[in-house]
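Dear colleague,

I am passing on a structure for you to look through, and below it I have set out what was found in it. Please keep the model open while you read.

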Amino acid sequence: MSLLQSSLHALCVFCGSSFGSSPRYADAANRLGTLLGENGIRLVYGGGAVGLMGTVAKACLEAGGKVTGIIPQHLASAEVAMEGLTELIVVPDMHTRKRMMFERSDAFAVLPGGFGTMDETFEILTWKQLKLHDRPVVIADIGGYWTPFLRFNESMAAEGFVRPEGLELYSVVSDVDDVLPAARNNLDLASRVHERVGLF
């Protein structure tokens, strides 16, 4: 059994339904999907077949992994629901999609994306801030894509709208190979903290 597999069984990936302007984004999505498949970690994602979404899912499947896609009915055609997934769940709306992605995941990774990816990321961070969960959130700052977002978060903290500890709700890596170790390490840390305070 892989060390990664021991504590991390399902990773939710938020990412774009477009490829973006640089091939490095698709390369990162392909690499992450491959790593998930090779380590026996289920991919949970938005169910689309296009852009980075389709890339990470296809790579995971080709590496022998399992993939759960969750897509709203109204996006099943726009994002072109992926065929051949281990599990495809069509839901009535975006809220249900995000809730089910959360329920089926041990941790979250954020690859480059647009408004939808930011919506998913802000919601999962807000839930964590409100102590509705303590699952790892790893932002993959591929080629510095998320650097302006990270600086904006720091600006919100500096202006008093986010507490300083809010910047600790997520970890940041610049290399997609570091996503799974970061998620696993944060899972293990949370587990040890919970054990000390008697939550488990």
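This is a predicted model: local features need pLDDT of at least 70, side-chain atom pairs count only at pLDDT 80 or more; totals for chains, interfaces and linings use all residues.

H3 itself has twelve residues and spans 17 Å from its first C-alpha to its last, which is close to the 16 Å expected at 1.5 Å a residue. Because nine of its twelve residues are buried, H3 is largely enclosed by the rest of the structure. Among those buried residues are Gly-51, Met-53, Val-56 and Cys-60, and the buried residues of this helix pack against H2, S2, strand S3 (67–72) and helix H4 (94–103).

The largest nonpolar core has 35 residues, and those touching the most other members are Leu-11, Val-13, Leu-32, Leu-36, Leu-43, Val-179 and Leu-180. Elements that each supply at least two residues of this core include strand S1 (10–14), helix H3 (51–62), strand S5 (107–110) and helix H7 (179–196), while H2 gives the most, with seven residues. Leaving aside neighbours within four places in sequence, Leu-11 is in contact with residues including Leu-32, Leu-43, Phe-108 and Val-179. Apart from this core lies another, of 21 residues, among them Cys-12, Met-101, Leu-125 and Phe-149.

With best wishes

Definitions and conventions: Residues are numbered from 1 along each chain as its sequence is written. Side-chain values use heavy atoms; hydrogens and water are left out. A nonpolar core is a set of buried Ala, Val, Leu, Ile, Met, Phe, Trp, Tyr and Cys residues joined through side-chain atoms within 4.5 Å. Buried means under 20% relative accessible area, exposed over 50%, partly exposed in between (1.4 Å probe, protein chains only). Helices (H or I, at least four residues) and strands (E, at least two) are DSSP runs, numbered from the N terminus. Contact means heavy atoms within 4.5 Å. The expected span of a helix is 1.5 Å times one less than its number of residues.
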